[in-house]
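The following exercises are intended for a reader who is meeting this structure for the first time. Each consists of a task and a solution worked in steps.

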Amino acid sequence: MWAWASICARKMELRGCIVKTVFISLLGLALAAAAAPAQGAVTTLDFSGNICGASGNGACSASSIIGAAYGDSPEIDVSYRSVYAATGVVDENFLRHWTVGYGDLRGIAFGGGGTTFSEIAFTPTAGYEVSLLGFDIATWQGAHPTVPVKILSGGGVTIFDSTISTNTPLHNALAVNSAYFADGIILRWGPNGYNVGVDNIRFDVRAIDSGGGSAVPEPATWAMMIAGFGLAGGAIRTRRRLAGLASA
């Protein structure tokens, strides 16, 4: 009986070490996940529905003005305008909506005239930062096989600057996946911004990590922590049972 208990005790010491190692690993993963900045919900501007007019909730028709608040949230302001390429003077402080005719897209944003570029700015509120994930771009009835596209941070850092294909008669889906910027991001295309439109603009806004990590762990983090505590608790109960046998 004593020999059996001694052998079991040694085995359980080994098992306890393994359990401790697993527990520490799970706890480390949980803490790392809690400390990482959480990605926010991805927003897509698809320029569909009642988003036009001064109130921003009117029906859209050919060349309707897109509502100034379309895309806004408490975390970010989205603004639209067209600018003369030669002078930098603002043409219109809005962009317009079009339904069909820009490649195979339905519901696009365009603006200005033949000598302007169109611009959409994403400006986070204090404590937040934004990443531009991607967008679709197409031209009106094959008018422009290519278009200059420039993406900047609000502070002027160039994120992307190239002339790209519009993939007429379809569209070009451009993946950006930029870094996060607290000073915002500006998407600009043109100077043929009138006959080139964009759609399905995808961006992500998240709270800026202050260095202290996430205050509330995510569900997956809680699951790893609970699993680790369960393993540790099971090991402790087993060792207590064996200790009782050895002392009997």
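**Exercise 1.** Does E92 count as buried or exposed, and why?

*Solution.* The model is a predicted one.
Step 1. Locate the residue: E92 belongs to strand β4, which covers residues 90-92.
Step 2. Consider its accessibility. A residue is buried when its relative accessible area is under 20%. E92 has a relative accessibility of 19%, and therefore counts as buried.
Step 3. Identify its surroundings. With residues up to four places away in sequence set aside, E92 touches R81, S82 and G112.

**Exercise 2.** Describe the protein as a whole by its secondary structure, burial, contacts and surface.

*Solution.* 
Step 1. The protein contains 2 helices and 13 strands.
Step 2. Of its 248 residues, 37% are buried.
Step 3. Take the contacts between residues at least 6 apart in sequence: 74% of these join residues at least 24 apart.
Step 4. The accessible surface amounts to about 12700 Å², and carbon and sulfur atoms account for 61% of that area.

**Exercise 3.** Determine how the aromatic rings of Y102 and W140 are arranged, and which parts of the chain they connect.

*Solution.* 
Step 1. Count the pairs: rings whose centres lie within 6.5 Å are paired, and the count comes to 7 aromatic pairs.
Step 2. Examine the geometry. Y102 and W140 form a tilted pair, with 5.5 Å from centre to centre and 55° between the planes.
Step 3. Y102 lies in the loop between β5 (96-98) and β6 (108-110), and W140 in the loop between β8 (128-139) and β9 (146-153), so the pair ties together parts that are 38 residues apart in sequence.
Step 4. Y102 is buried, because its relative accessibility is 3%; W140, at 25%, is partly exposed.

**Exercise 4.** Carry out the corresponding analysis for F110 and Y194, and state which cluster contains them.

*Solution.* 
Step 1. The pair formed by F110 and Y194 is edge-to-face, with centres 5.4 Å apart and an angle of 80° between the planes.
Step 2. This pair links distant parts of the chain: F110 is in strand β6 and Y194 in the loop between β12 (185-189) and β13 (196-207), 84 residues apart.
Step 3. F110 counts as buried at 2% relative accessibility, whereas Y194 counts as partly exposed at 37%.
Step 4. One aromatic cluster is formed by W98, Y102, F110, W140 and Y194.

**Exercise 5.** What is the handedness of the disulfide between C52 and C60?

*Solution.* 
Step 1. The structure holds 1 disulfide, which joins C52 to C60 with an S to S distance of 2.0 Å.
Step 2. The torsion about the S-S bond is about 100°, and the disulfide of C52 and C60 is therefore right-handed.
Step 3. C52 is buried, with a relative accessible area of 1%.

Note on methods:
Residues are numbered from 1 along each chain as its sequence is written. This is a predicted model: local features need pLDDT of at least 70, side-chain atom pairs count only at pLDDT 80 or more; totals for chains, interfaces and linings use all residues. Side-chain values use heavy atoms; hydrogens and water are left out. Helices (H or I, at least four residues) and strands (E, at least two) are DSSP runs, numbered from the N terminus. Buried means under 20% relative accessible area, exposed over 50%, partly exposed in between (1.4 Å probe, protein chains only). Contact means heavy atoms within 4.5 Å. Rings of Phe, Tyr and Trp (its six-membered ring) pair if their centres lie within 6.5 Å; planes under 30 degrees apart count as stacked, over 60 as edge-to-face and the rest as tilted. Accessible areas come from the Shrake-Rupley method with a 1.4 Å probe; for residues, only the protein chains shown count as cover. A disulfide is a pair of cysteine sulfur atoms within 2.5 Å.
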